[in-house]
Amino acid sequence: MSAQAAEVQDELRVFIADDEAPARARLKEVLADIRGEVAASVVGEAANGLEVIERLPASSAEVLLLDIQMPGMGGIELARHLGGLENAPAIIFVTAHDRHAVEAFELNALDYLMKPVRAARLAAALKKSRAAGPVPRALLARASPAAREFFSVAERHRIQLVPVADVVYLKAELKYVTLRTRAGEHLIEEPLVDIEREFADRFVRVHRNCLVARAAIRGFERIAGGAEEEPHWNVVLDGIDERLAVSRRQWPAVKGVLPEAKT
């Protein structure tokens, strides 16, 4: 293998995501300036989070230079979705002046660059990224207090986004959680308790293994029970015929979703 071929093989594959074209151009210039210290090639770029979701998986990028604030979906939420990819890239966040984000990043040991990005700082971050690998989702969750706008269903080389607003209920089954919308079902790998904590204002627990969207509850029906079943309440859902049982333990909290519910 020639020296030139070896260098190309060893190049760090970098994807750039920033909603400002001049910022993307600046990063490419700095990458060219530090080539003697860290060889890197730009394998893709995007101007918003949805473009990253669409383009990054096929790029085989090893590192993502990711702007924190972009329209449609912020960088931290985007990073949480990308963590589900089989070969998720290491992420280096980029920010202009978000003091609170910087404090959160330092607290959670997440790597970031301040704009305008300096050559020495970028080189150091890229070297570190080789060994760092993908950012743990737990660190990203702690770095942002805001709830996500989407759930993500990760396949081997693809990510499907499901708007949180479309979710009717989530039910834990073994190691997976079934996410139900009016259009169908998806499987995600997230602890139900973490989802409940993140979306406390959007979902209510009706059973130890089930969360229901507050906005999707249309009423309750009382089930008389039988010889081997105690009377209980079911949740009536908007747009779905399926009924979900409310546990006796959760009924006091669930009935408050609809003030007119009987006791």
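Helices (H or I, at least four residues) and strands (E, at least two) are DSSP runs, numbered from the N terminus. You are looking at a predicted model, in which local features need pLDDT of at least 70, side-chain atom pairs count only at pLDDT 80 or more, and totals for chains, interfaces and linings use all residues. Residues are numbered from 1 along each chain as its sequence is written, and side-chain values use heavy atoms, with hydrogens and water left out.

**First stop: glutamate 190**

Select glutamate 190, in the loop between strand E10 (185–188) and helix H8 (192–198). Is this residue buried or exposed? Glutamate 190 counts as buried because its relative accessibility is 14%, and buried means under 20% relative accessible area, exposed over 50%, and partly exposed in between (1.4 Å probe, protein chains only).

Now show side chains. That of glutamate 190 makes a polar contact with the side chain of arginine 148 at 2.9 Å. Such a contact is a pair of N or O atoms within 3.5 Å; within protein, one must be able to donate a hydrogen and the other to accept it, and residues adjacent in sequence count only if both atoms are side-chain atoms. Leaving aside neighbours within four places in sequence, glutamate 190 is in contact (heavy atoms within 4.5 Å) with Arg148, Phe151, Val177 and Ile195.

**Next: the largest pocket**

The largest pocket has a volume of about 360 Å³. A pocket here is an open set of points on a 1 Å grid over the protein atoms alone, where a 1.4 Å probe fits, with protein on both sides within 12 Å along at least five of seven lines; lining residues have an atom within 4 Å of a point. The volume is the space filled by probe spheres set on the points, which are joined across faces, edges and corners.

Select Arg80, Ala141, Glu190, Asp194 and Glu198: of the 17 lining residues, these are the closest to the pocket's centre. Helix H4 (75–82), helix H7 (137–143) and H8 each give two or more residues to the lining.

Most residues other than glycine have a negative phi, and most peptide bonds are trans. Go to lysine 115 and proline 116, joined by a cis peptide bond with omega of about -5°. Proline 116 sits in the loop between strand E5 (112–114) and helix H6 (119–132).

Leucine 174, not a glycine, has a positive phi of about 55°. Find leucine 174 in the loop between strand E8 (167–173) and strand E9 (176–181); at 92% relative accessibility, this residue counts as exposed.

**Last stop: alanine 58**

Finish at alanine 58 in helix H3 (residues 49–59). Its C-alpha atom is separated by 7.0 Å from that of histidine 157, 99 residues apart along the chain.
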